Amino acid sequence: MFYRLILLFILSIANIAWGSNTLAIIDDTHDTANISQSGTYFIDPEQNLSFETISSDLYAKKFRPINRDYLQFGMVKGNIWIRTDIAIRTTNNLPVLLEVNSPRLQYLDLYLPTLYEGQVQAELGGARPYSNKPIKSPHYVYSIPTNTPPVFTVYMKLSSKLPINAKIELKTLSKISQDNQNDLTVTGILIGILLTLFICNIFFFIKTTHFMYLIYSFLLVGIVVLHLSIHDQVSQFFPDQTNIQERIYNLSALSCLCAIVFFSRLYLDTQLYLPRMDKLLIVIGSINAVFAMLFTIMPSDINILVLSIIVVTTLLFLTVHAVIAFLKDIPFSGYYLIARLTLLTGHSAWIMSVYGIIPSSTLFEWGLTITIILEAMIHFSGMIVQTTPLIQKHTQKNKYGQVEMMDLLSDISNRLRRQINIIGGGLSHLEQAATSNDTKLFLNSSITANNNLKNVIERIDLLSDIKDNTPPEQLYPLQLNQLIDNAYNTIQRLDQDNTLLEINMHNVEQVEVLQDAAILQHVIECLIQEFKHFTDQTLTLDIIRHDANRDGMTLLEISCSPIPSRIQETHSFDLGMHYISLLINYLEGEVNTDENERRITVKIPINVHIRPSTNDLIQHHFDIIVFGQMDDDLQRALTILQTHANRIEHLTTLENLLDYLELPEKRTTGSIILVFDNGGHIPHITQQRLMPLMRTEDQCLLISNNVKMSLDYARKLGFDGLLPCSELDTQLEQQLLRLIQKGDRLRNTSLSRVNPLRKTP
C-alpha cells in the first residue's frame with residue numbers, strides 16, 4: 001500500500017509538471033494568450049544551429065516547456081529558441097498581434113514555417129535599427145497574417161549579451177491598445193511627480209543659489225531618461241541607430257549614480273564633517289562619470305556585469321556613508337539614511353528581477369523607477385526641512401510662543417523706545433555739565449543702564465524681525481575680526497559688573513562676512529552677557545574659523561568657558577538662553593554643552609569671502625622682544641620674525657629685559673614679549689617681575705619645550721598664551737597677530753586690564 005502511494009505521488013507531480021497548455025488560443029472570450037505558459041524552449045549555446053535544424057523532428061523532442069508567467073533567463077550565452085502552437089478562433093476577424101515586451105533584447109528573429117517555411121519574417125532587437133519594426137511601438141509587435149490555418153506554429157530566436165527578460169503574449173488589437181494606454185498613464189503619473197520635484201528644485205536653486213538643488217535637478221532629469229530607456233521609448237527618436245536604447249540606458253543610469261554621489265556631498269556637507277569620506281566620494285563620482293562615457297560610446301565592448309558591479313558597489317558605499325553620518329549625528333543624516341536604505345533595498349530587488357532571481361514582470365518594469373522616486377521624495381522632504389522659510393517660521397513660532405505674545409513685546413518695545421531716547425538725551429546733557437567725580441561716576445552708571453535698556457529693545461526688535469523672516473539687511477561685507485571687535489566694544493558699553501573677559505581668535509584674518517553679520521555679532525554679544533561672571537573669574541571666548549570651505553560657507557566655532565553654574569537650559573520663553581538658541585537656530589547653527597568642563601560650544605555656518613594674506617596686517621606700533629638663550633628654537637623664531645617690519649629686540653638676561661621695560665610711560669610703542677623657557681630661569685618668577693613694568697597693551701607669550709605645560713597652567717602663571725616649540729613654524733605668526741590685536745583692544749578700551757590670577761612680588 002505504501003509503494004502505491006509513492007507511485008501515485010510521483011504521477012501527480014509529473015502531471016503537474018507536464019500538464020501545461022500546449023496551445024495559445026485567441027477566441028471571442030480570450031483576448032490575451034501568454035506564450036510563456038504554452039510555449040517550449042531550447043538553448044543553443046554554440047549559436048550554430050539553423051532554423052531548418054531546429055525545426056526538424058530530431059530537435060523537436062529537445063524542446064522543454066516554459067510553464068511560467070514571465071520568461072526570465074538572466075544571462076544566457078547562446079540562442080534561445082521558443083516554439084509555440086497558436087490557434088485563432090475569433091468570429092469577427094479581429095486583428096491579432098504577437099507582442100514581445102523585452103526592451104533590452106538585442107536580437108529577435110520571428111519565423112512562421114506553416115506559412116512561409118524557413119524564411120524569417122521579422123528581424124528585430126535593440127542591436128538593429130528602430131526602423132526595422134513593422135509596427136512602431138515601444139515593444140516588438142508583429143501582426144499575425146489573416147490567412148493562417150486554424151492551428152499554426154511560431155518560432156522565435158532570442159539572443160542578447162544582456163540579461164534576457166521577456167513577456168511574450170498574443171493580443172487582440174483592442175487589448176494591446178488598452179495595455180499601451182495603461183502603461184503610458186502610469187508613465188505620465190511618474191514623470192509628473194518628477195517634473196513637480198524638478199520645478200521645486202529649480203525654484204529653490206534660484207532663491208538660494210545652492211548647487212545642491214541644481215545637481216538634484218539634473219538627477220531628476222536623469223531618472224526620467226532612465227525610465228524611458230527601460231521602457232524603450234527613446235529609440236523612436238533615432239530610427240536608424242543601433243543599440244541606442246542600451247547607450248541611453250547606460251548613460252542615464254551611471255549619470256544618475258554620479259549625480260547622487262555629488263548630491264550626497266552637498267546634502268550632508270561631507271567636506272566639513274567627513275573630509276576623508278568626501279575625497280572618496282569625489283573619486284567614486286568621477287569613476288561613475290568616466291564609465292558613463294565608456295558605456296555610452298562602446299556599449300558592446302564592456303561586459304554588462306561591470307556596470308552592475310559599479311552600481312552595486314557605489315550604492316553600498318553610499319549606504320555606509322549614510323550610516324557613518326547618522327552615527328556622527330550630522331544634520332539631516334536621518335533623512336539621508338532612510339533614502340539610502342530605500343534605494344539599496346529597491347535596487348537590490350530590481351537587480352534580482354533582472355537576473356531572474358525574482359521572476360516578476362511588474363518589479364522589472366516599474367520597480368526601479370518607483371524606488372528612485374521614493375528616494376527622491378525622502379531627500380526632498382529633508383531639503384524642505386532645511387531651507388523652506390515657512391517651515392522654519394512655523395518651528396520658531398512653536399518655540400517662542402503665540403503670536404499675541406510677540407505683538408505684546410513689539411508694543412512694549414515701541415513704547416519704551418521714545419522714553420529711553422529722552423532719558424539718554426538728558427543724561428548726555430548732564431554729563432557735559434557735571435563737575436565732581438562722584439557726579440560723573442553716577443552719570444556713567446546711569447548711561448550704562450540706559451544702554452542696557454536699549455539693548456533689550458534691540459533684542460525684541462530682532463526677535464520680531466526673525467519671526468517675520470525679515471532680518472536686518474547687510475549692504476556690504478564686514479571683516480570678521482572687526483565684527484568681533486565691535487561686539488567687544490558693545491559689551492564694554494553695556495558692562496555694569498567689571499566683567500573680566502578674554503577673547504582668543506584663530507584663523508579669522510582676511511575673512512569678510514557676506515551675510516547675517518549683524519545677527520552673528522549680536523550672538524557673540526549675547527553669549528558674553530549671558531555667561532559673564534559676577535566675581536573675579538575670567539570668561540574666555542575662543543573664536544575659531546575652520547579652514548574647511550565650500551561654496552563660500554565656513555564653520556565658525558565659538559567656545560565659552562568656564563560658564564557660570566547658574567546657566568541652565570530653559571524651555572520657557574525668555575531673552576536669555578532661549579533667545580540665544582533662537583538666533584543660533586535661525587543661523588542654522590548648533591549648541592553643545594559640556595557640563596564637566598563647564599563649556600558651551602556654538603557652531604555656526606557663515607557665508608564668507610577670504611581675502612589674500614598680506615604682511616600689512618601686522619601692526620608696526622608694537623615692538624617684539626625675544627627673551628631667552630640662543631638655541632635652535634630661538635633661532636627659528638628670529639628667522640620667522642625677520643619678515644615683519646616690527647622692531648625686534650633679543651635679550652638674553654632678565655636684568656636687561658627689566659631695564660628695557662623699566663620706564664613704560666616713556667615707551668611710544670607696545671611690547672610683545674616672547675619668553676623662551678630655555679635659560680634656566682623660572683617662568684613664574686620671570687612673569688612676576690615683568691608684570692609691574694608692563695603697560696596695559698603689552699602681551700607676554702611663553703614658548704616652552706615642556707610637554708607637560710598646559711595653556712590653563714600658563715595663564716595661571718600670568719602669561720597671555722602658550723606656544724610649544726614644535727609649533728613655532730606653523731603657529732608663531734598667528735599667535736603674534738592674535739596678541740597684537742588683543743593689545744590694540746586693551747589699549748583702546750576704557751576698562752583697566754585686571755587679572756586677579758597674576759600676583760606681583
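Biologist: Which residues in α17 meet which in α18?

Modeller: Leu480, Leu483, Ile484, Asn486, Ala487, Thr490, Ile491 and Leu494 in α17 meet Ala517, Leu520, Gln521, Ile524, Glu525, Ile528 and Gln529 in α18, where contact means heavy atoms within 4.5 Å. Helices (H or I, at least four residues) and strands (E, at least two) are DSSP runs, numbered from the N terminus. This is a predicted model, in which local features need pLDDT of at least 70 and side-chain atom pairs count only at pLDDT 80 or more, while totals for chains, interfaces and linings use all residues. Residues are numbered from 1 along each chain as its sequence is written, and side-chain values use heavy atoms, with hydrogens and water left out.

Biologist: At what angle do α17 and α18 pack, and how far apart are their axes?

Modeller: Helix α17, residues 480-494, packs with α18 at an angle of about 45°, and their axes are 9 Å apart; the axes are lines fitted to C-alpha atoms, for helices over the stretch in contact, and angles run from 0 to 180 degrees between N-to-C directions. The two helices α17 and α18 are therefore oblique to each other, given that angles under 35 degrees count as roughly parallel, over 145 as roughly antiparallel, 65 to 115 as roughly perpendicular and the rest as oblique.

Biologist: Now the strands. Is β11 mostly covered or mostly open?

Modeller: Strand β11, residues 151-159, is mostly covered, with 8 of its 9 residues buried, where buried means under 20% relative accessible area, exposed over 50% and partly exposed in between (1.4 Å probe, protein chains only).

Biologist: Which strands are joined to β11?

Modeller: Strand β6 (residues 79-89) runs antiparallel to β11 and is joined to it by 8 bridges, with Trp81 opposite Lys157. Strand β8 (residues 107-111) is also antiparallel to β11, through 5 bridges, and there Tyr107 has Ser159 as its bridge partner. Two strands pair if DSSP finds at least two bridges between them.

Biologist: On to charges: how many salt bridges are there in the whole structure?

Modeller: A search of the whole structure finds 16, a salt bridge being a side-chain nitrogen of Lys or Arg within 4 Å of a carboxyl oxygen of Asp or Glu. One of them joins Lys171 and Glu99, with the closest N and O atoms 2.9 Å apart. Lys171 lies in strand β12 (residues 164-172) and Glu99 in strand β7 (residues 96-101), so this pair ties together parts that are 72 residues apart in sequence.

Biologist: What else does Lys171 form a salt bridge with?

Modeller: Lys171 also forms a salt bridge with Asp179, where the closest N and O atoms are 2.7 Å apart, and both of these residues are buried. Salt bridges that share partners join Glu99, Glu169, Lys171, Lys175 and Asp179 into one network.

Biologist: And what does Asp109 pair with?

Modeller: The side chain of Asp109 meets that of Arg128 in a salt bridge, at 2.7 Å from N to O. Asp109 lies in strand β8 and Arg128 in the loop between β9 (120-124) and β10 (140-143), so the pair ties together parts 19 residues apart in sequence.

Biologist: Last topic, the backbone. Where is there a cis peptide bond?

Modeller: The peptide bond from Ser561 to Pro562 is cis, with omega near -15°, and Pro562 lies in the loop between β17 (553-561) and α19 (577-586). Asp516, which is not a glycine, has a positive phi of about 60°.
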